[in-house]
Each structure stands twice: as C-alpha cells, then as structure tokens.
Amino acid sequence: MIPVELQNFLVEETQSLFAGLKLKNTNGELSPLNVYPQYLPYGTSQDTASPFPYIRVILVDGEDPSATEPNQCRVLFLVGVYDDDRNNQGYWDVLSIVQKLYGHLMRNMIFQGKYELVYPVKWNLTNEELENTWPYFFGAMETNWTLGKIGVTDTLT
C-alpha cells in the first residue's frame, strides 16, 4: 500500500534530518528526538522509556479522486517536547522542529520520484488559552501528498 510506504519513508527521512538533536526527556536527561509511525509506544510503567521528545508521522486519510488523477494522502507530523523550565517557553523547541521539517520538505517537494508534497501545508501549536499542558508542549504540521496509482493489469477477453 503506497501510503504506508510514504509513511515509512517520512519516518526515515525525519530520523535522518534530526539525527544528533537532543532535548530533555521526562527524566530530565538529554535524549534523541524519537520518530514514531502513527502512535506512541504503549506502556506507562516507570521502567518504560519516555517517548519525549518525539515526532509522530501520522497517516490521516487519503483519496483516489478519479481513474486519471493521482492518489492523495494527508500526513500529520505531531511534535511533542518536554520542558519543565518555569519560564514556560517549550513551544520554541516545537516551532524550531516544525520549521526545520517544513524547510526540508519545501526545498525538495518531490521525494524518490514518487512522493510529491503539495499545498496547502498547515501548522499549529497547542493553544495555551484553551489548555495549559506545561511541561509538555505540542505542535503539528499537516501536509498533503500526491502518490502513484496502482494500475489495472487484468483485461477482459
């Protein structure tokens, strides 16, 4: 299934893009930025490693609009960071991650000759007015992609 291939590619691309970046995890230690396909790992016990900081690469939905148009897929990059500093500025790390990812995708737009980023691209942050999530900060970037089609190979005779 082509959307799953896109997701796998984006996970690997995102891991490469952020290799070497370390941010604080919930234990207060510097940790690499984790990249997860779709969901966070399951588990809440004390011996389970913190998923923070992370990016989730989420397949939202897709469409095959017609027999002649390419398939479309919407992918959400959800960023989560932990920052227990009392100045409540962890959103800067979230925005920095979103901006770096956005810049990388926009500079290239076509990947492996089969995944094309198309407009619109949207981003957002957790709205502090509605929900105070300190010391956890979240943001997202929604992207749209065109993908190849699976062609008909059978014929009626």
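A contact here means that heavy atoms lie within 4.5 Å of one another. Please keep in mind, as you go through these views, that the model is predicted.

**View 1**
Counting contacts with a separation of 6 or more, 60% join residues 24 or more positions apart in the chain. The chain holds two helices and eight strands, and along the sequence these follow the pattern α-β-β-β-β-β-α-β-β-β. Taken along the principal axes, the C-alpha atoms fill a box of roughly 70 × 30 × 30 Å. Of the 157 residues in the chain, 38% are buried.

**View 1. The surface and its charges.**
The chain exposes about 9,700 Å², and carbon and sulfur atoms supply 52% of that area. How far apart are the mean positions of the positive and negative charges? The chain has 10 positive and 19 negative charges, and their mean positions are 4 Å apart.

As a reminder, strands of a sheet pair through backbone hydrogen bonds, in either a parallel or an antiparallel sense.

**View 2**

**View 3. Strand β8 and its two partners.**
Nine of its twelve residues are buried, so β8 is largely enclosed by the rest of the structure. Twelve bridges join β8 to β5, and the two strands run antiparallel. In this pairing, Asn 71 has Leu 147 of β8 as its bridge partner. Strand β7 also runs antiparallel to β8, and eight bridges join them.

**View 4. The β6-β7 hairpin and Gln 112.**
Strand β6 pairs with β7 (residues 115-125) in the antiparallel sense over two bridges. Ile 110 stands opposite Glu 116 in β7. The hairpin has three residues between its strands, and Gln 112 lies in this loop between β6 and β7. Is Gln 112 buried or exposed? Gln 112 counts as exposed, because its relative accessibility is 53% and the cut-off for exposed is over 50%. Although Gln 112 is not a glycine, its phi is positive, at about 55 degrees.

Asn 88 sits in the loop between β5 and α2 (91-108). Its phi is near 60 degrees, which is a positive value in a residue other than glycine. Asn 88 counts as partly exposed, because its relative accessibility is 27%; residues under 20% would be buried and those over 50% exposed.

A cis peptide bond joins Phe 52 to Pro 53, with omega at about -10 degrees. Pro 135 is found in the loop between β7 and β8. The peptide bond from Trp 134 to Pro 135 is cis, with omega near 10 degrees.

**View 5. Gly 20 and Pro 32.**
To finish, look at Gly 20, placed in the loop between α1 and β1 (22-24). Gly 20 is exposed, with a relative accessible area of 70%. Which distance in space separates Gly 20 from Pro 32? The two residues are 6.7 Å apart, C-alpha to C-alpha, and twelve residues apart in sequence.

Key. Residues numbered from 1 in each chain as written. Predicted model: local features only at pLDDT ≥ 70, side-chain atom pairs only at ≥ 80, totals over all residues. Heavy atoms only, no water. Helix = DSSP H or I, 4+ residues; strand = E, 2+ residues; numbered from the N terminus. Buried < 20%, exposed > 50% of the residue type's maximum accessible area, 1.4 Å probe, protein only. Areas by Shrake-Rupley, 256 points an atom, 1.4 Å probe, with all protein chains shown as cover. Lys, Arg positive; Asp, Glu negative; His and termini not counted. Charge placed at Lys NZ, Arg CZ, Asp CG, Glu CD. Pairing = 2+ DSSP bridges.
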